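Hi,

Here is the structure I promised to pass on. Have a look at it first, and then read my notes below.

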Amino acid sequence: MKNLILLSAAFVFILKMNAQTTIIPKTNDSRVITTGLPFVLIAPDARAAAMGDMGVATSVDAFSQQWNSSKYAFSETKSGFGVSYTPYLSKLVNDIFLGNLTYFNRLDEKSAFGASLKYFSLGDIEFVNDEFSEALIQRPNEFALDVSYALRLSDQFAMAVAMRYLVSDLRLDDGSGNTDGASTFGVDISGYYQSEEEAYNDFNGRWRAGFAIQNLGPKFKYTEDGSENFQPTNLRLGAGFDFIFDDYNKIAVTAEVAKLLVPTPPILGDEYEFTDNNGNGTYEEDEDDLGNLVESDVIISGKSQDVNFLSGIFQSFGDAPDGFSEELKEFTWALGAEYLYQDSFAFRAGYFNEAEEKGARKFLALGAGFKANVVNIDLSYLFSASKIQSPLENTLRFSLTFNIGAGEYDEY
């Protein structure tokens with residue numbers, strides 16, 4: 001009897017030695033950083049779109065609220081407002097669009113405030129339960145409402161803070177009457193530097209630089225029982241230079257980099273039991289037998305995204321599974337140029353680049369601007385340079401700006 005017990009124990013021990021676990025990586029695991037409310041990252045105005053979706057360090061205009069509201073403290077115009085319209089997925093439908101309305105007012109030599117409304121409509125969606133039911137048409141939408149205050153801290157530098165209220169009404173009526181949209185708030189912190197005009201050998205020049213941390217705010221849910229989503233917290237850094245050849249001709253060149261301050265998705269896998277037939281302690285597909293699932297979504301490399309928004313900001317600089325090389329790929333960059341003739345006509349061009357593994361957005365943009373009395377008209381057009389088609393490809397965008405009290409402040 002004693003020998004039988006010892007033999008059974010030895011048999012169980014051998015089974016446990018052979019029955020081990022392995023983690024099988026998930027295929028097609030996306031490394032693209034995703035957030036809620038992505039519409040706030042779409043360039044709303046034609047001038048910024050024509051220069052490669054940039055605006056943190058370009059010269060001040062009415063739409064600075066969307067990029068760097070501290071620029072308002074350098075406006076030569078007392079006040080103004082802008083209206084813009086951007087068709088979205090225009091090749092497929094004609095009722096999805098992004099609209100923007102912005103207003104600013106320079107209060108005095110040192111301060112200014114701005115306000116804007118950004119509205120994203122997903123068009124009409126028709127629901128039919130059966131052939132006898134009347135069609136139910138719904139129009140889901142999202143919007144952001146914000147206000148800002150800019151203060152000039154020195155002759156060449158200003159900072160601003162903006163508060164933003166965001167609503168995402170994407171939940172469709174299922175008959176229960178519970179169609180409340182998700183809502184949250186965010187904060188922008190920005191700064192802008194603009195030098196005095198300096199004389200060089202063949203031209204005068206002026207330096208510009210800016211930064212902005214946008215959409216700082218808590219995570220939110222689209223539904224009560226849904227998962228939490230990060231806001232598109234974004235860091236923008238830019239610099240530029242104005243070549244001032246004479247009173248009629250000026251060329252401004254600007255470069256900008258941006259990074260989402262949101263944790264990178266880790267590499268995940270599923271943990272399985274397996275029978276180690278060859279005894280080497282490693283699962284080999286052709287030789288070992290895969291058993292029961294032990295645990296799903298085990299982190300193989302990287303860090304968990306289950307953190308609050310503030311921890312996520314700091315984590316976003318060092319959590320990429322492939323290390324520093326992947327962190328660099330999470331930066332997008334853009335180059336833009338603007339030619340101005342007599343401050344009444346502008347021609348613009350820009351290029352935007354994003355790494356293939358992080359979304360593959362690459363496009364060229366062209367645009368023009370015209371000034372007639374107090375009205376500015378701006379247009380832009382986008383050409384995709386990526387294998388992945390842009391939803392804004394071959395889309396014409398336009399903006400109108402109305403300047404009130406132009407030339408009231410002299411900055412140069």
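**What I found**

Leaving out neighbours within four places in sequence, Thr-282 is in contact with Phe-274, Asp-276 and Asp-288, where contact means heavy atoms within 4.5 Å. Thr-282 sits in the loop between strand 16 (267-275) and strand 17 (289-301); strands are DSSP runs (E, at least two residues), numbered from the N terminus. Thr-282 is partly exposed, at 46% relative accessible area (buried is under 20%, exposed over 50%, partly exposed in between, with a 1.4 Å probe and protein chains only).

Before going on, please note that this is a predicted model: local features need pLDDT of at least 70, side-chain atom pairs count only at pLDDT 80 or more, and totals for chains, interfaces and linings use all residues. Residues are numbered from 1 along each chain as its sequence is written, and side-chain values use heavy atoms, with hydrogens and water left out.

Now for the rings. The structure holds 23 aromatic pairs; rings of Phe, Tyr and Trp (its six-membered ring) pair if their centres lie within 6.5 Å, and planes under 30 degrees apart count as stacked, over 60 as edge-to-face and the rest as tilted. Phe-241 and Phe-243 are edge-to-face, because their ring centres are 4.8 Å apart and their planes are at 75 degrees. Phe-241 is buried at 7% relative accessibility, while Phe-243 is partly exposed at 25%.

Enjoy exploring!

Key: Helix = DSSP H or I, 4+ residues; strand = E, 2+ residues; numbered from the N terminus.
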